Amino acid sequence: MRFTSLIVELIRARPRLVVWLVVLLQAALWLILPLLLYRSPPGDLATMLAFGREYQVGTDLGPPLAFWLADIAFRAAGNHMFGVYLLAQLCAVATFWILFLLARAIVGGQQAVLAILLTLTVTAFSSPGAEFGPLVLARPLWALLLLHSWQLIGQNRRNAWFAWSIEAGLLLLTTSAAIGLLLLIAGFALATVRGRRMLMSFDPLFALLVIVVLALPWLVWLIRADMLALPPWPAVADLSGRALHWGKLLGGLLLAISGILVLVVLNSGWLNRNPEETPIIYRPPVDPLARNFVYFFAIAPALAGSLISGLFNLDGVAGGAGVALMMSGLAVIVATGDLVHLRRQRVLRTVWALAVLAPAFAATATTLFLPWTGGTEVATSLPARAIAHFFGDSFERRTNQRLRAVAGDPQLAALISLDTGRPHLLLDAAPQRTPWLTPAKFNETGGVVVWRASDTSGTPPADIAQRFPGLVPEVPRAFEWLVTGRQPLLRIGWAIVRPKGP
């Protein structure tokens, strides 16, 4: 009898079990790793929680749904980041399971497993997924939209309209790129015969009504804030720089799917010496419309998102790399053919495991070893809990009132806003960004002003001293990093603005 590995047999016999195993293992990895390594939230997560604590309908950071959910998860976990990290991984698990359902409807269950395994190697779904936010929440919503769009266009299942409209409305409340993503779906539907036939009914009108009702508060806020205008178009002299920026974004997307490219090359037939011994994963023939559907949504979001970001000089791909590359694994499986040969299985398994685990090794090395190479600061090594507790407790001891607001250095102030009392965050350099608290209100209710101290005297920077005249600095407080290495202690200067009322 020909020997076949247990993994191949599991893919053939129990595809859903394989999907659940690999997805849950990756989610557990990126749930445990931040809890062990991160002493402060990654990226802008602390600022996002400070904004979510106010439950504003809209801010300059975008639609509100992700901010609200992050604050709910943070409070439900007893003001601990575990709740937010868990929410991020629940989004990841939901994304991959929904993507598996879509792939199973197009290429069958066995090859759908291969599509999920390839997608897991995309770096956008690893360490960036621990930083919950609009880009992470948009992934399961976009996956649901793709699944129900295929059910509507490819399978003519009209009962999917209601779910599609709910998901579209929630996506509009999640990311500013939602309008562009919905336009891509509408464009594909109009470009196909079955899509146009699907639109020739009253169902799209009812779906549009549901979307408007869900997104109405956000749309009203946009109108009142006068934020419906498009960013200014670049000048002709800036086009070459913007084109270079676009090229860098495309290069970043290619780098994110490098694991898929390496696996495809290693599994190619021209490197195999014994073609008759390779196991085969079979699928029924793919509908030509399904093939076009997969290719379109594997390429269009990446091209459109990178082009918009390059044109308007945005930091990342519009909608996020996770949304742009979600269909990349399935596109490779569709392009492979009805028979997928698994050549050099040991090599494939090793490379796949390295591609999945490499971001975790990189995050560990960055946290533990980077501080020893020089004075580079690791943002997740700031002792957030110790910082927040010290300033909250100091203010309460001095004034006999709980800390109600914090201002000064935006990064440090955002960390202090995560204290048990959840003080308000004031971005005093740009107070219009935090409309729930004005500088006058801050001076009335009192609070703490913090900054990074460069010496033991704790003199505040000139800009902070100008915005808070009469500030009396306290003795700077030093905090230890998670790994000190060659870095000096984190020294924070601070001052108390005493409440004016009783």
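Mentor: Let us begin with the second largest cavity, where the lining residues divide into 4 nonpolar, 1 polar and 1 charged. The model is predicted, so local features need pLDDT of at least 70 and side-chain atom pairs count only at pLDDT 80 or more, while totals for chains, interfaces and linings use all residues. Residues are numbered from 1 along each chain as its sequence is written, and side-chain values use heavy atoms, leaving out hydrogens and water.

Trainee: Which residues line the second largest cavity, and how are they sorted into classes?

Mentor: Ala, Val, Leu, Ile, Met, Phe, Trp, Tyr, Cys and Pro count as nonpolar, Asp, Glu, Lys and Arg as charged, and the others, Gly among them, as polar. Here the lining consists of Cys91, Ala92, Thr95, Phe125, Val136 and Arg139, around a volume of about 40 Å³. Both α5 (82-107) and α7 (134-153) supply at least two of the lining residues, and α5 has the largest share, with 3 residues.

Trainee: What is the volume of the second largest pocket, and which element gives the largest share of its lining?

Mentor: The second largest pocket has a volume of about 820 Å³. Its lining has 33 residues, and those closest to the centre are Ile11, Leu114, Leu117, Leu348 and Trp352. The largest share, 7 residues, comes from α17, which spans 345-368; among the other elements that each supply at least two residues are α1 (6-13), α2 (15-37) and α6 (109-120). The lining divides into 25 nonpolar, 6 polar and 2 charged residues.

Trainee: Is aspartate 203 buried or exposed, and which side chain does it meet in a polar contact?

Mentor: Buried means under 20% relative accessible area, exposed over 50%, and partly exposed in between (1.4 Å probe, protein chains only). Aspartate 203 counts as buried because its relative accessibility is 18%, and it is found in helix α11 (residues 203-224). Its side chain makes a polar contact (2.7 Å) with the side chain of arginine 158, the term standing for a pair of N or O atoms within 3.5 Å in which, within protein, one must be able to donate a hydrogen and the other to accept it, residues adjacent in sequence counting only if both atoms are side-chain atoms.

Trainee: Where is asparagine 267 found, and which backbone nitrogen lies 2.7 Å from a polar atom of its side chain?

Mentor: Asparagine 267 is in the loop between α13 and β1 (280-282), and it counts as buried because its relative accessibility is 15%. The nitrogen in question belongs to arginine 343. Leaving aside neighbours within four places in sequence, asparagine 267 is in contact (heavy atoms within 4.5 Å) with His341, Leu342, Arg343, Arg344 and Leu348.

Conventions. On a 1 Å grid over the protein atoms alone, a cavity is a set of points where a 1.4 Å probe fits but cannot get out, and a pocket is an open set with protein on both sides within 12 Å along at least five of seven lines; lining residues have an atom within 4 Å of a point. Grid points are joined across faces, edges and corners, and a volume is the space filled by probe spheres set on the points. Helices (H or I, at least four residues) and strands (E, at least two) are DSSP runs, numbered from the N terminus.
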